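Take a look at the structure below.

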Amino acid sequence: MEVSGRAWKFGDNIDTDLIIPGQYLTVQDPQELGKHCMEGADRDFASKVKPGDVVVAGHNFGCGSSREHAPLALKSCGVGAVIAASFARIFFRNAINIGLLVLECEEAYRRTSPGDEISIQPELGVIKNLTTGEEFKAAPYPPLVAGIVQAGGLIPYVRMRLQGKDREKGGA
Amino acid sequence: MGMTITEKILAAHAGKDKVRPGEIVQVRPDLLMTNDISGPIAVDVFKSMGADRVFDPEKVVIVLDHFTPNKDVKAAKSSTKMREFARSQGIVHFYDAGFGIEHVVLPELGLIKPGDLVIGGDSHTVTYGALGAFATGVGSTDLAGAMALGEIWLKVPETIRFEFKGKPSRWVGGKDFILLAIGRIGVSGALYCAMEFGGEAIADLGMDGRFTMCNMAIEAGAKSGIVEPDEKTLAWLAEYGCCRGTQGGPGSGISSRTLDWLRSDRDCTYKSVIAFDVTDLEPQVAVPHLPSNVKPVSQLRDVKIHQVVIGSCTNGRISDLRAAAEILKGRKVSKWVRTLIIPGSQAVYKQALKEGLIDVFVDSGAVVAAPTCGPCFGGYLGILDEGERCVSTTNRNFVGRMGHEKSEVYLAGPYVAAASAVAGRIAHPEEV
């Protein structure tokens, strides 16, 4: 499914405290978390962002804590995808697991300006900057990760595996 | 071609003879851990996955430590949710408010042994690498999946070897070594890699210092930190532990053959080897707002401070409290510096009481609080106001980490933190 929206640009090392500050970690409701998304980096982000908009960031996006509240906040405030030059590993896993589109592409980061219109074809890993007309290709996922993405995240993926286990037991 | 200790542990848990960096493996963890932040989401996700029982109630550890003793009603609800889950699942290792900080508690209870593979719903799970285990952090959904299936996928990381040579001064320890390393390579310098710490200075370093070092591997972006286990590791294990080590302590199952195996092979492949000489190293301080902004303490003597925090999963162990007490004994903390000292666990607290350290702290004007992660992540206790500065023995100094977005955190070891509390500004221990 195509994702399209405006680019919100951030620099290197956007940590999870910037994405969702520690004081909100008693909150588990995604909608509530979304209201405070990126509060540490841009206080008004959550009110400005529109569904489908794309966060474009530099290296090590999502570094710091393992809080899943961070990708949950981004997803629930409408962010359609995060494109970064590189991701911190826990954030990357968390995003894949909850079904937030994350694409690694340094070139796209360097050649995107704030407000550019971005269009993404997730299955192909193709990122188009409609404002400049440029096209980029994100780093492909390893097959296992692609499988989780295809399943719609880790919840359906594990559910399928558990059902498979039950069937094995039933058949034995 | 040989393997690093990290590759060996991953291979063993994937049921393979050999693994290579970059390869994706399915592994069966020896232990899973969660807390009152990653846990509540994991419990919901676990149910959404259609899971009914955790794969092994003896292998899932729950520690309520972040907003506990409960900060407010929301925190109380998170705790209740975890308590109910623990009860209904028959979780053996459930530790409630104030028992201690997860990464201090698990090793103390003998729940981690060399060669283990541990997955935790907390980024500082990497701490357990100090015991020669592979340990890494994940989020709630990964943790829920692992609780349901008893397995998880991991990409085998490349290993960067850090060699520490020389004999450091008495004021320099594990915190200074790891800050030095992060300062050199940057906050993404070990992204997706394992950091392996070795050399004579690590051999000489106590276990508490090794915990501190592995704890902060994540601040360089690493997947894990590890120290090859040695006799010091075994001696430490023999002293602690009750839970798994029913047959004479958790170290008792480790033969010298296992110790030999738990070493990186001579012909293993490192991504790189980085060497440090710590002989004349000054105590190190990371200035706002990244753990890689590291400076020697002497360059920061004009920085006035408002608060000091000594504790956390990084530096809340008994050696850290002994270091703080060595400075604070017979001295008073500055009238203008709130000084908060938090033993990492009840066991650390009790030992500190026994050694008279708590008396020293209270007499100096410091406040001693119950074990909690609270201040480190701006959760509760010791929240900073606009414009305030704190010297903290914790692990992160990101924007707003400890409170107001215009407050500042300086990361240091316990000697510098205690000396700064007395001086009212960032100070070398020899200045007080």
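B:Thr127 has a relative accessibility of 0%, so this residue counts as buried. The cut-off for buried is under 20%. Keep in mind that this is a predicted model. Where does B:Thr127 sit in chain B? Look at the loop between β5 and β6. Strand β5 covers residues 117-120, and strand β6 covers residues 134-137.

Now look at what surrounds the residue. Leave out residues up to four places away in sequence, and B:Thr127 touches B:His103, B:Phe211, B:Cys214, B:Asn215 and B:Arg317. Find each of them in the 3D view.

Next come the pockets. The largest pocket has a volume of about 800 Å³. Its lining is made up of 43 residues. Which of these lie nearest the centre of the largest pocket? They are B:Asp208, B:Gly209, B:Ile318, B:Ser319 and B:Asp320. Several elements of chain B give two or more residues to this lining. Among them are α4 (102-108), α6 (174-185), α7 (200-204) and α8 (207-215). The list also includes α9 (231-239), α12 (318-328), α13 (346-354) and α15 (414-423). What classes of residue line the largest pocket? There are 20 nonpolar, 11 polar and 12 charged residues.

Turn to the second largest pocket. Its volume is about 380 Å³. Here 18 residues form the lining. A:Val3, A:Gly80, A:Gly99, A:Leu100 and A:Leu101 lie nearest the centre of this second largest pocket. By class, its lining has 10 nonpolar, 5 polar and 3 charged residues.

Finally, step back to chain A as a whole. How many helices and strands does chain A have? It has 8 helices and 7 strands. Along the principal axes, the C-alpha atoms of chain A fill a box of roughly 60 × 40 × 25 Å. Now check the radius of gyration. A compact globule of 172 residues would have a value near 16 Å. Chain A has 17 Å, which agrees.

How much of chain A is buried? Of its 172 residues, 58% are buried. Contacts tell another part of the story. Take the contacts in chain A with a separation of 6 or more: 65% of them are between residues 24 or more positions apart. Last, consider the surface. Chain A exposes about 7100 Å², and carbon and sulfur atoms supply 52% of that area.

Notes. Residues are numbered from 1 along each chain as its sequence is written. Chains are lettered from A and ligands numbered from 1 in the order in which they are written. This is a predicted model: local features need pLDDT of at least 70, side-chain atom pairs count only at pLDDT 80 or more; totals for chains, interfaces and linings use all residues. Side-chain values use heavy atoms; hydrogens and water are left out. Helices (H or I, at least four residues) and strands (E, at least two) are DSSP runs, numbered from the N terminus. Buried means under 20% relative accessible area, exposed over 50%, partly exposed in between (1.4 Å probe, protein chains only). Contact means heavy atoms within 4.5 Å. On a 1 Å grid over the protein atoms alone, a cavity is a set of points where a 1.4 Å probe fits but cannot get out, and a pocket is an open set with protein on both sides within 12 Å along at least five of seven lines; lining residues have an atom within 4 Å of a point. Grid points are joined across faces, edges and corners, and a volume is the space filled by probe spheres set on the points. Ala, Val, Leu, Ile, Met, Phe, Trp, Tyr, Cys and Pro count as nonpolar, Asp, Glu, Lys and Arg as charged, and the others, Gly among them, as polar. The radius of gyration is taken over C-alpha atoms; the globule rule is 2.2 Å times the number of residues to the power 0.38. Accessible areas come from the Shrake-Rupley method with a 1.4 Å probe; for residues, only the protein chains shown count as cover.
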